[in-house]
Amino acid sequence: MDAILAFLKQTGVYLFKDQPLAMVMILIAFFLSYLAIVKKFEPMLLLPIAFGMFLTNLPGADMFHEILFAGGHVHWDLFGGATITPEFISELVADGVSPDVASASLIGTTVSAGLLDYLYLGVKLGIYPCLIFLGVGAMTDFGPLIANPKSLLLGAAAQLGIFATFIGATVMGFEGFEAASIGIIGGADGPTAIFVTSKLAPHLLGPIAVAAYSYMALVPVIQPPIMKLLTTKQERQIVMTELRPVSKKEKIIFPFLVTLVVAMIVPSAAPLVGCLMLGNIFRETGVVERLNKTVQNELMNIVTIFLGITVGATATATTFLSLGTIKIIALGVVAFGLGTAGGVLLAKFMNLFLKKKINPLIGSAGVSAVPMAARVSQMVGQKENPSNFLLMHAMGPNVAGVIGSAIAAGVLIALFG
């Protein structure tokens, strides 16, 4: 009878009694799965994130342990199954770690690293986001940006959302390093948001990742009202001439040049930009076609699975169910909106001095949701003028936004890392 009672006390049903909020997180995971499967909101990453959230909140599964990464550090000594001492908990509390994570009840217990703990190291060490950028680079054509360098300015202007939201987050009570992680949502680039947050505010990784990928999926909903509000019908009807052809030599030189310039100015952005450009070199040189296909397909798919499921694993009840998460969700909308507005307004300003006018709608593509933001520019433009084709023009600011968000990430890491 004692053995049966001991077994029953180890079941998930019994453990739910001590962790009632875990059921709330499981319901949230089901809701995110619904958005990914039925509504098709960024399913490639939102579905793994939702399932990772589901796994980490199953009572007794012990696949992810926040204590192993408490205080923003990897506690390697605990991975081998070390016993948690009072001194260790005291150090965490002194470092400002939440009592929910650095709980005195853990003293004397032995932590055995779970599957998701090991997979999460790829996020914590900055491996997965860089590998994602490698794949993005292999799938990106920088030709429209090279053909129209002015679009680089539009991509830069769209980063307004990052820095404006950073200021807003500090006003709302977040610490500087937390505000930097929240602000990066405005770059509309999930891997960049994960890269920055894993280094600056890992305790916010769950809500920030969910906000970033949810709003990326909502780009076709969020952007059009802002674009129409800030432009006139006449501006939306501006027809842009065909871009000049870009030579293979230009496309090969470009990634080397960008990597060099960025590394000289913002060295902390070099990992992201370097991987992005390496992937693009694979694409443009044409001499490593096998590597190019592997990076675009097998590697990208594998890393996407690991990245999603481990980011979701950080969304435990203690970190996700808080007022801070609600603030992050709200600030995420503001970040996207301001990023869209920044690109559109700069395009309008540039038209005051340009002989060949720019359709301001392409400025909204400066947020780096590639290629969705560019497609939204095309869609809104064609509604005003069915003969207008803005997609390739919008791809310039769109890919510039990828570079811009990576540089902004480097700046924030340099300031708060």
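Which residues have the most contacts inside the largest nonpolar core? In this predicted model, they are Ile67, Phe142, Ile182 and Leu307, within a core of 121 residues. A nonpolar core is here a set of buried Ala, Val, Leu, Ile, Met, Phe, Trp, Tyr and Cys residues joined through side-chain atoms within 4.5 Å; buried denotes under 20% relative accessible area, exposed over 50%, and partly exposed the range in between, with a 1.4 Å probe and protein chains only. Helix H23 (residues 391-416) provides the largest share of this core, 11 residues. Helices are DSSP runs of H or I with at least four residues, numbered from the N terminus.

The model being predicted, local features need pLDDT of at least 70 and side-chain atom pairs count only at pLDDT 80 or more, while totals for chains, interfaces and linings use all residues. Residues are numbered from 1 along each chain as its sequence is written, and side-chain values use heavy atoms, with hydrogens and water left out.

Contacts were assigned to heavy atoms within 4.5 Å. Apart from neighbours within four places in sequence, Ile182 touches Thr165, Ala169, Phe174, Leu204, Ile208, Ile328 and Leu331. Serine 181 lies in helix H12 (residues 176-183) and counts as buried because its relative accessibility is 0%. With neighbours within four places in sequence again set aside, serine 181 is in contact with Val196, Thr197, Leu200, Ala201 and Ile208. Helix H13 (residues 190-200) is itself mostly covered, 10 of its 11 residues being buried; among them are Val196, Thr197 and Leu200.

Two helix pairs were examined through their axes, which are lines fitted to C-alpha atoms over the stretch in contact, with angles running from 0 to 180 degrees between N-to-C directions. Helix H4 (43-56) packs against helix H19 (residues 289-313) at about 40°, and the axes are 6 Å apart. H4 and H19 are therefore oblique to each other, given that angles under 35 degrees count as roughly parallel, over 145 as roughly antiparallel, 65 to 115 as roughly perpendicular and the rest as oblique. The crossing of H4 past H19 is right-handed, meaning that the near helix is turned clockwise from the far one by less than a right angle. On the H4 side the contact includes Met44, Leu45 and Pro48, and on the H19 side it includes Asn301, Thr304 and Leu307. The residues of this contact comprise 11 nonpolar, 6 polar and no charged; Ala, Val, Leu, Ile, Met, Phe, Trp, Tyr, Cys and Pro count as nonpolar, Asp, Glu, Lys and Arg as charged, and the others, Gly among them, as polar.

In the second pair, helix H15 (residues 219-230) and H22 pack at an angle of about 45°, with axes 10 Å apart, and are therefore oblique. H15 also passes H22 in a right-handed crossing. Val219, Pro220, Gln223, Pro224, Met227 and Lys228 of H15 meet Met372, Ala373, Val376, Ser377, Met379 and Val380 of H22. By class, this contact has 9 nonpolar, 2 polar and 1 charged residues.

Backbone geometry was also examined in the loops. Most residues other than glycine have a negative phi, and most peptide bonds are trans. The peptide bond from valine 370 to proline 371 is cis, with omega near -10°, and proline 371 is placed in the loop between helix H21 (323-350) and helix H22 (372-384). Glutamate 42 has a positive phi, near 40°, in the loop between helix H3 (20-37) and H4. Aspartate 62, likewise not a glycine, has a positive phi of about 50° and lies in the loop between H4 and helix H5 (76-79).

Definitions and conventions
Helices (H or I, at least four residues) and strands (E, at least two) are DSSP runs, numbered from the N terminus.
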